[in-house]
Amino acid sequence: MSAEQRIWIKSPLFVFAPDQSQPVTGLVINKGKIETLLFNHDAPESPCDEVFDASGLVILPGLINTHHHFYQTLTRAWAPVVNEPLFPWLKTLYPVWARLTPDALHLATQVAMAELLLSGCTTAADHHYLFPQGLDNAIDVQVDVVRQLGMRAMLTRGSMSLGEKDGGLPPQHTVQTGEAIIRDSERLISQYHEREAGAQIQIALAPCSPFSVTREIMQESAQLAKREDVRLHTHLAETLDEEDFCLQTFGMRTVDYLESVGWLNDRTWLAHGIHFNEEEIARLGAAGTGICHCPVSNMRLASGICPTLDLIEAGAPIGLGVDGSASNDASNMMYEARQALYLQRLKYGAEKITPEVVLRWATEGSASVLGRTDIGAIAEGMQADLAMFSLDDIRFSGSHDPLAALILCGAEKAEHVMVGGQWRVSHGQINGLDLPALLARHRTAASKLIAG
Ligand SMILES: [Zn+2]
């Protein structure tokens, strides 16, 4: 997916690079990677094919979203669940989601990814666990959209195998057999998973949650992930209802359950990770298990506050995720970083949770949660994934520190976005996408899904 053009990104207002001791005054992009960082307003040593005037722009590494359910853009702000906590929220939505079709999923994935891209996100993980009849190729549908938009994605082959009749939460017709899940997981890894630096599409295995899959599918997924060297993902410790479910069903707490099925390791990243005790935090940190913090979803469903700094101190990488659009209901990574700052300040105080901290979670932290070392930072040799923000807007007027302004004044829309050296957003518009036409089709699909 890399571009051949050599591009000089000239005179940015500010570049969020890992080392802030010397301001970066320019970048050279070549063959889809960051070739050189420029300082002291130096020009590149040799001529470039394109000179891009970045004056007035704040440049961040492309943001990385580590947890989502793209299909849920079809059920945003739906009245029956607006004021529900997780378990009743899920039980009301499952029958609606069970009607999802390939066309509707295609539109929902386009809208979710386009919304993320416009917020400066260049890599997105999706957790897709719905495979009702007729939607066996859900992940293939998503691969199509990722390629069309030119973003990077970690598509997780989710699963549900514990239906209501066996004591699980989802209705029986939305669950699959363990055999079907594993067979499709193997197919997807061999068909789509890219292993080299600069990968556009990767596959991970993602049983939905302790209350929707069997112990066997957790174990078999861990074994397959190890054999194929892919990552593992699930929801864990999101609510106290889930903790009660684990105690009643498995006779153990969530992290004990995770360990008992072979998941307590650095191949795993968990969405939410809220209800851990001190001893569990130490074990997760020692194992290097990643945590995706989803502040807006956690506030909307009143689930609790992730102990981010304790997890980091213990050794666990922390990334950010917008979570599904039925519990956020936005897919905006800048908005999420801002909410992470405010929510985490309530827990840890203002001094420790800075704009730099939350932007690092949204970039470097998220990259390590996804097991990637080639994205998430503006440094030589990294992939040229960049998000550029203009401060020429009423919300920034009178602001002073450009990086703090992005978070505190509430930047929500990138001006230009580059993925692998290619411009995907220019002047706030996605190149090659007819957004009004997409939204018209998406709105129709959303109404149809609810109507049944
Ligand atoms: Zn989720």
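**Group meeting: strands, domains and a helix pair**

Let's start with two strands. β16, residues 416-419, pairs with β17, residues 422-426, in the antiparallel sense, over three bridges. Take Val-417 as an example: its bridge partner in β17 is Val-425. Keep in mind that this is a predicted model.

Now zoom out to the sheet. β16 and β17 belong to an open sheet of six strands. The order is β2-β6-β15-β16-β17-β18, and the pairing is mixed. Which strands stand at the edges? They are β2 (14-15) and β18 (429-430). Each has a single partner strand, so one side of each has no neighbour in the sheet.

Next, the domains. The domain assignment gives two stretches, 7-61 and 383-430, to domain 1, and 63-369 to domain 2. Their centres, taken over C-alpha atoms, are 30 Å apart. In the contact, 25 residues of domain 1 meet 24 residues of domain 2. On the domain 1 side, β6, β15, α13, β16 and β17 each supply at least two residues. α13 gives the largest share, five residues. That side divides into 16 nonpolar, five polar and four charged residues.

Last, a helix pair. The axes of α4 (residues 178-192) and α5 (residues 215-228) come within 11 Å and cross at roughly 20°. Angles under 35 degrees count as roughly parallel, and α4 and α5 are therefore roughly parallel to each other. The crossing is right-handed. Among the contact residues are Ile-181, Ile-182 and Ile-189 of α4, and Ile-217 and Leu-224 of α5. Glu-186 of α4 and Glu-220 of α5 take part too. In total, the contact has five nonpolar, two polar and four charged residues.

Conventions: Residues numbered from 1 in each chain as written. Predicted model: local features only at pLDDT ≥ 70, side-chain atom pairs only at ≥ 80, totals over all residues. Axes fitted to C-alpha atoms, helices over the stretch in contact; angles between N-to-C directions. Helix = DSSP H or I, 4+ residues; strand = E, 2+ residues; numbered from the N terminus. Parallel < 35°, antiparallel > 145°, perpendicular 65-115°, else oblique. Left-handed = near helix turned anticlockwise from the far one by under 90°. Contact = placed C-beta atoms within 7 Å. Nonpolar A, V, L, I, M, F, W, Y, C, P; charged D, E, K, R; others polar. Pairing = 2+ DSSP bridges. Domains from an automatic or database assignment.
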